[in-house]
Amino acid sequence: MPHPGAGTAAQGHPGHPGASRAGGHPGGHPGRSTDPRPVVGDFDFSQSPWLVIWETTRACDLACKHCRAEAIPDRNPGELTTVEAKRLLEDVRRFGRVLFVFTGGDALKRDDIYELTEYGAKLGLRMAMTPTVSPRVTPDTLRRLKEAGLARISVSIDGSTPAIHDAIRGVPGCWDWAIRIMREAREAGLSTQVNTTVSNWNLDDFDALYTLMTTLGIVFWEVFFLVPTGRARPEDVPTPEQWEGIFNRMYDLSKDAPFDIKATAAPQYRRVVVQRQVAERRAGQREDAPDELTAGLDFSLKDGVGRAKGVNDGDGFMFVSHTGDVYPSGFLPLAAGNIRTHDLVEVYRSSPLFLSLRDRSQLKGKCNVCEFRPICGGSRARAFGVTGDPLESEPYCAHIPLKYKKMVEKGEAEPVAEYFARRDRRLKNLPLAGG
Ligand code: SF4
């Protein structure tokens with residue numbers, strides 16, 4: 001279950017209007033709940049996202065340093081109503097048995113969240129939630145969510161100690177609440193997941209964080225790689241080389257971890273996984289063909305949530321804001337329509353923004369000619385966050401494709417050092433979002 005990620009409506013611009021709500025409803029099967037359980041990769045991403053994330057509200061009592069939503073204390077009167085939220089669930093169900101994630105802000109600030117959970121589960125959606133870690137999450141809350149049909153709950157833990165985590169989250173006691181919620185969620189019968197955002201704040205804490213994860217009984221550890229959007233500052237983002245180190249460490253840990261490990265906002269991790277597996281085969285240490293999915297998939301399947309291959313922004317992934325704007329990802333603040341005025345299914349299938357993001361031949365720079373393009377494609381959100389162009393080359397990937405090297409030699413492409421220098425100059429001049 002990927003993280004809430006989201007672009008802010010304030011940052012976003014209208015983008016393409018997408019299809020009108022009056023448009024057709026292709027592939028619609030609202031109410032059907034008897035489909036077989038989806039298996040890994042059992043979705044055609046040109047027709048259907050693997051998961052849809054809804055930013056239920058922006059209201060939240062925390063003030064995390066890297067909050068992409070720039071959360072506020074009180075609910076916005078313009079948030080989707082209960083009726084609109086139910087229609088959103090019905091529209092998402094037209095795609096199939098999609099994974100639907102409630103995020104925020106704090107989803108529990110909405111009184112109708114239990115009703116909506118039950119509604120989505122009865123439609124046949126796989127329901128999950130990332131509530132804000134706060135005293136609002138009680139054993140009773142967790143029990144009600146479980147009874148309503150929630151399959152999995154995730155919380156954010158960014159540090160192995162209260163000192164590291166609470167400094168990032170901005171509220172003393174937050175780490176203790178997260179650990180408590182993990183335990184109480186398990187006691188309520190919910191499957192659990194932890195989301196961790198890797199940044200310069202916790203880069204050196206990664207191994208200790210992993211050790212903590214092994215004590216929590218989770219099925220999934222989702223490791224996010226910071227996108228400079230919302231409150232996240234460019235100087236908080238580690239270097240591509242530092243990320244490369246974390247990717248390799250993740251791959252090593254994934255072999256024995258008692259849970260599934262996944263990278264989010266860093267599809268280049270899949271490239272590292274395949275590169276490592278190819279090297280292992282050449283060394284006679286692996287028989288199976290390379291596969292971007294690492295060991296641990298069984299843990300993800302236990303609660304029916306599962307995993308998919310090749311998901312990227314707008315390509316198997318869709319984000320709906322608290323006011324109904326439709327984005328390719330929570331970290332990519334370009335709206336392709338709004339569910340109040342456009343047909344959600346048509347926006348995903350036909351809007352120029354989503355179509356261009358799914359057409360990897362449109363990628364620029366080294367991502368365009370990369371041998372790993374089919375399984376990676378780079379983070380479109382980070383490309384946009386850093387360069388302003390969602391189709392630009394991923395600015396935080398250390399890999400230099402063979403074809404690109406040859407193009408540089410022939411003078412047909414910009415040398416990578418110059419590209420990175422240009423990126424750094426641009427990063428330095430980026431306005432501090434939310435500041
Ligand atoms: S160059 Fe682009 S496509 Fe290739 S591995 Fe890096 S991010 Fe992925």
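## Cores, sheet and ligand shell of a predicted model

In this predicted model, the largest nonpolar core holds 99 residues, and Val52, Val92, Val98, Phe100 and Val326 are those with the most contacts inside it. Such a core is a set of buried Ala, Val, Leu, Ile, Met, Phe, Trp, Tyr and Cys residues joined through C-beta atoms within 7 Å. A residue counts as buried if 20 or more other C-beta atoms, placed from the backbone, lie within 10 Å of its own, as exposed if 12 or fewer do, and as partly exposed in between. Helix α5 (residues 174-187) gives the largest share of this core, six residues. Because domain 1 (40-354) and domain 2 (362-423) both contribute residues, the core lies between them; the domain bounds come from an automatic or database domain assignment. Apart from this core lies another, of six residues, including Leu363, Cys367, Cys376 and Leu391.

Residues are numbered from 1 along each chain as its sequence is written. Local features need pLDDT of at least 70 and side-chain atom pairs count only at pLDDT 80 or more, while totals for chains, interfaces and linings use all residues.

An open sheet of 10 strands runs in the order β7-β6-β5-β4-β3-β2-β1-β8-β9-β10, with mixed pairing. The edges are formed by β7 (260-264) and β10 (337-338), each of which has a single partner strand, so one side of each is left without a neighbour in the sheet. Strands β8 and β9 pair in the antiparallel sense over two bridges, and Val320 stands opposite Val326 in β9. Two strands pair if DSSP finds at least two bridges between them; helices (H or I, at least four residues) and strands (E, at least two) are DSSP runs, numbered from the N terminus.

| Element | Residues |
|---|---|
| Strand β8 | residues 317-320 |
| Strand β9 | residues 325-327 |

Around the ligand there are 14 residues, of which Cys367, Cys370, Cys376, Gly378 and Cys397 come nearest, a residue being near if its C-beta atom, placed from the backbone, lies within 6 Å. Helices α8 (268-282) and α12 (365-368) each supply at least two residues of this shell.

Two backbone features lie in loops. The peptide bond from Gly104 to Gly105 is cis, with omega near 5°, and Gly105 is found in the loop between β2 (99-103) and α2 (113-123). Ala265, in the loop between β7 and α8, has a positive phi of about 60° although it is not a glycine; Ala265 counts as buried because it has 29 C-beta neighbours inside 10 Å.
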